[in-house]
2 protein chains.
Amino acid sequence: MDLIARLRAGLPGEAILTDPDVTGSYANDMASFCEAGTPAVVVLPRTVEQVQHVMRTASELRVPVVPQGARTGLSGAANASDGCIVLSLVKMDRIIEINPVDRIAVVEPGVINAVLSRAVNEHGLYYPPDPSSWEQCSIGGNIGTASGGLCCVKYGVTAEYVLGLDVVLADGRLLTTGRRTAKGVAGYDLTRLFVGSEGSLGIVVRAVLALKPEPPQQLALAAEFPSTEAACRAVCEIMARGHAPSLLELMDRTSIRAVNDMAQMGLPDSTEALLLAAFDTPEPAADLAAVGELCTAAGATEVVPAETAAESDLLLQARRLTLTALERVKSATMIDDVCVPRSRLAEMLDGTAAIAEKYGLTIGVCAHAGDGNTHPTVCFDAADPDESRRARESFDDIMALGLQLGGTITGEHGVGVLKKEWLARELGPVGVELQRGIKDVFDPLGILNPGKLF
Amino acid sequence: MDLIARLRAGLPGEAILTDPDVTGSYANDMASFCEAGTPAVVVLPRTVEQVQHVMRTASELRVPVVPQGARTGLSGAANASDGCIVLSLVKMDRIIEINPVDRIAVVEPGVINAVLSRAVNEHGLYYPPDPSSWEQCSIGGNIGTASGGLCCVKYGVTAEYVLGLDVVLADGRLLTTGRRTAKGVAGYDLTRLFVGSEGSLGIVVRAVLALKPEPPQQLALAAEFPSTEAACRAVCEIMARGHAPSLLELMDRTSIRAVNDMAQMGLPDSTEALLLAAFDTPEPAADLAAVGELCTAAGATEVVPAETAAESDLLLQARRLTLTALERVKSATMIDDVCVPRSRLAEMLDGTAAIAEKYGLTIGVCAHAGDGNTHPTVCFDAADPDESRRARESFDDIMALGLQLGGTITGEHGVGVLKKEWLARELGPVGVELQRGIKDVFDPLGILNPGKLF
């Protein structure tokens with residue numbers, strides 16, 4: 001086959017996978033309800049030059065290229081299309097530099113988030129973005145999907161930590177964007193354009209990341225509420241009073257029960273909503289006490305501050321297990337990612353409960369409450385066509401509600417295949433036209449991750 | 001005249017200025033050495049619809065449009081071109097919303113930075129970006145040039161506070177970008193693309209800005225050093241040890257003397273470098289003590305912590321006066337804005353001193369030292385052609401040095417007319433080609449601030 005032969009001219013044999021049993025396992029990421037095609041070949045380059053060779057070959061032969069990280073994404077952005085080259089960056093996993101004076105790290109895209117986090121910790125530094133999949137997901141994937149995590153309420157999202165990029169363009173040329181300085185405004189911000197572009201504009205092969213000083217270990221509290229509305233009132237009070245929690249998460253009753261069922265963690269599963277707040281300040285106990293009082297005033301029936309880091313970790317572990325636990329409720333789940341202004345969070349949660357009732361479905365919700373970013377998770381039986389249809393419709397209703405409340409269809413998971421139609425609704429025709437125009441500038445042949453985003 | 005008549009069809013009479021004596025005063029911003037043309041007309045719209053009318057008219061007649069804020073910019077980005085419409089946004093100066101729960105403000109572009117800062121303070125909130133011109137400059141101008149300021153070392157630049165925009169496009173259509181939520185990754189980040197685009201992609205008519213809780217009042221110290229190299233060593237130590245100063249500024253001997261000459265502030269003008277550090281933490285005195293020790297260890301001959309907010313303000317006032325003071329040294333100044341990795345700051349300062357000596361010029365340097373962002377200010381006699389030529393050449397040498405040290409030609413002032421050639425050198429041909437491609441998507445007729453950036 002011409003494609004394979006051409007690829008072999010610039011890649012070592014072990015970097016090219018063609019066995020359909022093997023390549024098939026690269027067909028999709030972790031999203032439900034997203035179509036995936038059959039790749040022609042999977043390539044695993046180890047150098048920038050090899051990536052350039054792949055892109056030059058793809059351009060010459062007009063073959064679509066689907067870039068992949070660890071395939072932990074939740075929107076199908078890494079799903080293969082028929083006959084494509086899957087370009088997996090997982091072998092480019094070197095940490096090139098960690099610089100405590102400049103507070104930067106320079107990495108290849110295949111570095112695992114947790115590996116980088118631990119490596120910079122050893123220098124007294126902190127790389128905040130912490131998606132729930134942080135032990136598996138790669139920095140390149142984080143950049144492609146503009147990942148968030150639990151820390152965002154204080155530290156922001158991946159985009160805020162990407163200072164500069166090396167990118168292989170569709171035609172194989174190498175582009176360097178941004179800087180390794182703390183500031184810089186030389187021309188349009190191409191770096192930021194690549195963050196969240198889901199591999200549709202170029203292949204990130206190196207990133208300069210900003211780091212923070214490592215904060216003190218965080219200390220958490222849990223507060224039980226008789227309603228999600230009361231919990232949301234507490235969230236608004238906490239933020240309006242100027243507190244800076246390092247984490248502010250909400251679990252609804254369905255989520256709490258699912259976690260207890262799976263892991264017997266002894267969460268208070270008769271309660272309607274559990275709020276978890278943490279502080280990594282010099283005096284976390286004082287901050288927790290103040291926040292505990294606000295929770296009580298908002299109607300919390302019980303406030304339990306962790307007294308040790310180990311207790312805090314246990315609470316956070318419960319939160320991190322939520323999606324996995326909800327996946328056991330039925331045979332399939334669809335996780336949503338609607339983000340609303342935090343002042344509208346209660347309406348979002350109440351509305352989601354009403355949608356669950358309307359469709360006769362179980363929808364568990366956990367939320368990065370401090371950010372107004374909810375993850376309603378629809379649990380359904382994939383073998384039941386009617387329930388699957390209702391699941392899909394409820395998912396649409398949830399996004400419509402988010403937009404109606406002044407929110408966005410995606411806070412941190414991205415658009416991929418899953419939310420293409422909804423992206424057009426959120427952006428409107430003028431926005432879509434301009435976004436397509438930008439896509440054409442970077443990828444005139446349309447070979448970079450076609451069929452995603454638009 | 002057809003242009004004026006067409007403008008009158010959608011603008012009230014007082015919004016159109018045609019008297020050449022008046023329009024001439026809108027010809028340029030505060031940059032030196034930047035050409036400026038003669039505008040055909042100045043328009044001062046008060047509504048989005050009026051801005052749309054201006055852009056539709058300009059598109060139909062193919063007339064260039066130069067958007068302007070308060071014209072405090074330092075790169076000529078707001079300079080008129082011959083026959084253009086100057087589109088001044090200063091009359092669109094409403095603060096539309098301040099929301100403490102969502103921690104956002106919604107504003108029109110003509111709002112003065114200091115007016116917004118004070119307005120949000122009244123709600124216990126903080127809008128960090130604080131360019132030296134903050135009492136004059138407008139938020140729209142800050143967005144156009146991606147302004148920085150003294151607070152950036154802790155709080156980052158304007159770009160990090162712009163969540164969403166309403167933009168009138170070249171053809172008069174209205175585009176809404178971004179969001180009013182804490183997070184959001186729906187499509188390419190057009191919001192960030194507009195920040196720093198110097199009016200070359202569209203006219204910002206409304207902005208959703210992120211706010212922070214108001215921090216405690218900051219407390220500063222001053223440390224005297226026998227060399228800029230020793231002061232830079234202290235800067236590196238402070239940042240490597242994980243301190244989070246709210247301000248970390250350096251003034252060289254020339255700057256100190258200029259300020260003393262102008263304002264008799266009693267700064268220690270026999271010292272080679274003065275470092276100013278401040279903390280807005282709960283215990284600033286403790287942080288200042290720790291930083292003071294690092295300064296002493298790095299060679300400081302004297303460390304003077306302010307004991308009151310008033311003393312701190314005085315120190316910061318000296319720093320804020322530096323540019324004005326340097327402007328009195330000779331008949332003209334050129335202020336540069338090179339940003340290097342902070343680990344290279346000492347080399348940047350030593351190299352700048354060598355350049356001053358080579359050209360026989362006075363170059364005063366103040367720096368946002370914590371960011372590695374230096375403002376070498378060339379003082380020269382504009383009536384002396386030879387000295388003017390040397391000033392221009394030294395300016396080029398300074399930018400070349402910045403690039404050589406891994407830095408950028410502009411940390412926060414932008415490119416405008418002043419640094420067009422240097423932008424091409426920093427970006428390289430591939431980067432320029434892509435940036436021009438983006439420009440063409442938004443402005444196919446090339447009427448938006450032509451001749452700037454590229």
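**Contacts between chains and domains in a predicted model**

The side chains of A:D130 and A:R320 meet in a salt bridge, with N and O 3.2 Å apart; a salt bridge here is a side-chain nitrogen of Lys or Arg within 4 Å of a carboxyl oxygen of Asp or Glu. The model is predicted, and local features need pLDDT of at least 70, side-chain atom pairs count only at pLDDT 80 or more, while totals for chains, interfaces and linings use all residues. Residues are numbered from 1 along each chain as its sequence is written, chains are lettered from A and ligands numbered from 1 in the order in which they are written, and side-chain values use heavy atoms, with hydrogens and water left out.

Within chain A, the domain assignment gives domain 1 (95-213) and domain 2 (219-404), with bounds that come from an automatic or database domain assignment. The C-alpha centres of these two domains of chain A lie 28 Å apart. Their contact (heavy atoms within 4.5 Å) takes 11 residues from domain 1 and 14 residues from domain 2. Together the two domains of chain A bury about 980 Å², with 52% of it on carbon and sulfur atoms; buried area is the accessible area (1.4 Å probe) that two parts lose on being put together, summed over both. Three residues stand out on the domain 1 side: A:L150, A:V153 and A:K154 supply 66% of the area that this domain buries against domain 2, more than any other three residues.

The same interface has 4 residue pairs in polar contact, both residues at pLDDT 80 or more. A polar contact is a pair of N or O atoms within 3.5 Å; within protein, one must be able to donate a hydrogen and the other to accept it, and residues adjacent in sequence count only if both atoms are side-chain atoms. By class, the side of domain 1 that touches domain 2 in chain A has 7 nonpolar, 2 polar and 2 charged residues. For these classes, Ala, Val, Leu, Ile, Met, Phe, Trp, Tyr, Cys and Pro count as nonpolar, Asp, Glu, Lys and Arg as charged, and the others, Gly among them, as polar.

Next comes the interface between the chains. The contact takes 69 residues from chain B and 70 residues from chain A. About 5600 Å² is buried between chain B and chain A, 62% of it on carbon and sulfur atoms. In chain B, the residues that lose the most area to chain A are B:K183, B:V185 and B:Y188, together 17% of what that side buries.

Between chain B and chain A there are 8 salt bridges. A:K183 forms a salt bridge with B:E412, where the closest N and O atoms are 2.7 Å apart. Polar contacts between chain B and chain A number 26 residue pairs, again with both residues at pLDDT 80 or more. On the side of chain B that touches chain A, β9 (174-178), α7 (190-194), α8 (228-240) and α15 (420-442) each supply at least two residues, and α15(B) gives the most, with 13 residues. Helices (H or I, at least four residues) and strands (E, at least two) are DSSP runs, numbered from the N terminus. That side of chain B has 34 nonpolar, 22 polar and 13 charged residues.
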